[in-house]
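This report describes selected features of one protein structure.

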Amino acid sequence: MSKTVFVLGAGASMDCGAPLMKDFVPRAEDLLRKPDLEPESKEAIRLVLKARAELLSVYPKAHVDIHNVESLFGIFEMAQLLGSLGPLDAKHISTLREAMEILISTAIEKSIRYRVESSRYPTPPATYKRFAELLIAIWQSNNNSWQHVSVLTFNYDVALDYACHFKKIPIDYGLSRIKSGDDRLELLKLHGSLNWGRCSNTEKCQEIVPFTMNQLAWDYFLNLDYIPIETSKLLCKLQHCETPIQSRPVIAPPTWNKGKYHLELETVWQRAARHLSEAENIFIIGYSLPPTDEFFRYFYALGSIGPVVPRNVWVIDPELEVARRFKKILGGAALAPECFRPVNQTFEATINSLMTLLVERKQPKREAMKLHELGD
């Protein structure tokens, strides 16, 4: 399994334009003002904003965070369970989850744009393009084998998927129990992806079908300088069991009720746990480890069971508080001074240091990495 594991959170896609949890609702409100927004997206966003407005009435009795999409999604799921949310009728309450998924998909896909160069072939966002080059360098330094590196990501977007396609990196999403071999990079999307759909034959088949990047067509973008890649709207082109797959993408909502939705992603999580258990190098990039995410704490603890003692555990995030949170869940070996590194930088700024460590086999200079000592 992988010696090197990258764990990517929302902060890793922030440089590409993707919203953070606190930015989804404002981004959706901005999109609502655009005349070219699709009717389905408009209807979903309006429903979410209407339900959100109803939550203002709880403030005299309770505090809820209506600005963070994770908190908002969780509240709406509880409203569905209780069948009540102010004056909203049962029909609207029952569709809140789907409306939130449409809001999330729309906000992500409309925010990440790809530059169309003179070749008329879209270029990946710069950070992920550079990261793909790092992955290729690791592959080359390990005798052209992908078994030594893997990527675990909590992000729904396809910016990294497209960067891998652009750089001709073959991908295994881990959706099958049968590993495809050492000739593919395992890109394990733990919360699902905007380019994954479900088979419509739910009685006999539960398979998740990915819309791969080589299925994209660019002819109708020839007159644009920047384009979105909206794979969630292209899922209808896929078929499985001789029928079109479901049009909604497979994404696990960022809520307290994670276990229910992750059962269909079981093989992805199992592969991810095996990689963590054998990793010598773990790089956590842009994942803030929110205090409410007990799910990740348990996953990391169980996934870490194994004989390998990590040599490098880096927490890469501009906010030092993130490294402090990880320090509270890591064990003694991972927290050893020669192993644990809180790197107070963006993803893009750290890639050169990662290249030095993993490809050139040298320890990057401390000052170049912006390392910080953290108190308890």
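The model discussed here is a predicted one. Helix α11 spans residues 294–303, and its buried residues are F296, R297, F299, Y300 and G303. Viewed down the axis of α11, these buried residues fall within an arc of 165°, so they line one face of the helix. Which elements take part in covering them? The cover includes α10 (266–278), β14 (281–285) and α12 (320–329).

## The nonpolar core

The largest nonpolar core has 120 residues. Among its members, F6, L8, F76, Y128 and F131 touch the most other members.

## A buried threonine

Apart from neighbours within four places in sequence, T106 is in contact with L31, L37 and S41.

## A nonpolar patch on the surface

Nonpolar residues also occur on the surface, where M78, L81 and L82 form a patch. Together these three residues have about 320 Å² of accessible area. L82 belongs to helix α4, which comprises residues 69–82. With a relative accessible area of 61%, L82 is exposed.

## Positive phi angles

Two residues, C241 and R361, have a positive phi although neither is a glycine. The table sets out their values.

| Residue | Phi | Loop between | Relative accessible area |
|---|---|---|---|
| C241 | about 55° | β11 (239–240) and β12 (243–244) | 37% |
| R361 | about 60° | α13 (347–358) and α14 (366–369) | 53% |

C241 is found in a loop between two strands, β11 and β12, and is partly exposed. R361 is placed in a loop between two helices, α13 and α14, and is exposed. The cut-offs explain these classes: exposed means over 50% relative accessible area, and partly exposed lies between that value and 20%.

How values were computed:
Residues numbered from 1 in each chain as written. Predicted model: local features only at pLDDT ≥ 70, side-chain atom pairs only at ≥ 80, totals over all residues. Heavy atoms only, no water. Buried < 20%, exposed > 50% of the residue type's maximum accessible area, 1.4 Å probe, protein only. Helix = DSSP H or I, 4+ residues; strand = E, 2+ residues; numbered from the N terminus. Arc of directions from axis to C-beta. Contact = heavy atoms within 4.5 Å. Core = buried A, V, L, I, M, F, W, Y, C linked by side-chain atoms within 4.5 Å. Patch = residues over 30% accessible without salt bridge, like charges linked within 9 Å, V, L, I, M, F, W, Y side chains within 5 Å. Areas by Shrake-Rupley, 256 points an atom, 1.4 Å probe, with all protein chains shown as cover. Salt bridge = Lys/Arg side-chain N within 4 Å of Asp/Glu carboxyl O.
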